[in-house]
Amino acid sequence: MTLHVAARRYLMGRYDELADRYGELPNRGRAVDGYNYSPEAWRIFPRYNVVAAILEQVERLDPDHLPEFSALVDALAEAADTAQSPFTQPESNEAAAKVMAEERHLFQSTLQGWVTRDGLRVEPLPYRRVLTPAESAERQEQLQQRWGLEGRSWHPMLAGPIPPDVLVLTEASIWDEQGLAQVRTALIEMDGGRVTELREYGADYLVDVELFEPQYTGAEGVWSDDTLTWIAFASHEGTVTFGGQLAAALEAEWDDLDRWRWSA
């Protein structure tokens, strides 16, 4: 468990570090023509893309059922060598290929350092695991049957008046730190279990409530848990919609909820 958490923490921190460096580039990393990437950008963004791919592969391992230590080391090393995503293939040019290879080697070297270190210590992390395709398909079907999910979209307010068990807020409500805390607290008080997150594209996840973030990130998302008594949906249209018990809990407990309500 300690080694797996160390890998997750390292990759998450490395991604944030590189993304911050990219954010500091002039002209958002674009060259003078405003279209192509600058040489500095090519030295940074392929790195965080491959780090994200490695992290996704690492998080396909279930923290509750990790392999024996030597097998775990092999799995982490394999992630460093082989992890890919649409953003790492094809390798756009020699500069991108070079820096992605460097990031893979850096994670490999860091991993070997952990393996040979006595008394490795690391702060725990909340549970997060990539769902298998079968798990994703099963949850999507369940939400279609229970909540009328269409594909991975849910717009109950489009068929007429908003149903009484549905709450529609502006997306700013959940990007607000206090608003996100309200939603998580409501779930905890409902004794909810881990949350499934299905995205419009990219990996789907099973996460602890502490990592529940019903936010649009460029990909729409839909959330629920094994009870199917609630649903949340973040759209590309600037809304976050809640249904069922979670909607009722937020209506009852969120003091300044009216300031965040969506209106057509």
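The following paragraphs describe the salt bridges of this structure and the exposure of the residues that form them.

The structure is a predicted model, in which local features need pLDDT of at least 70 and side-chain atom pairs count only at pLDDT 80 or more, while totals for chains, interfaces and linings use all residues. Residues are numbered from 1 along each chain as its sequence is written, and side-chain values use heavy atoms, with hydrogens and water left out.

Across the whole structure, 19 salt bridges are found, each defined as a side-chain nitrogen of Lys or Arg within 4 Å of a carboxyl oxygen of Asp or Glu. One of them joins the side chains of R47 and E102, at 2.4 Å from N to O. This pair connects distant parts of the chain, since R47 lies in helix α3 (residues 45–58) and E102 in helix α5 (residues 94–116), 55 residues apart; helices (H or I, at least four residues) and strands (E, at least two) are DSSP runs, numbered from the N terminus. R47 has 13% relative accessibility and counts as buried, whereas E102 is partly exposed at 31%. Here buried means under 20% relative accessible area, exposed over 50%, and partly exposed in between (1.4 Å probe, protein chains only).

A salt bridge also forms between the side chains of D62 and R129, at 3.9 Å from N to O. R129 belongs to strand β1 (residues 128–130), and the two partners are 67 residues apart. Both D62 and R129 are buried.

The side chains of D258 and R261 meet at 2.6 Å, N to O, in a further salt bridge. D258 is exposed, with a relative accessible area of 58%, and R261 is partly exposed at 35%. Elsewhere, salt bridges with shared partners unite R14, E17, R47, K98, E102 and E103 in one network.
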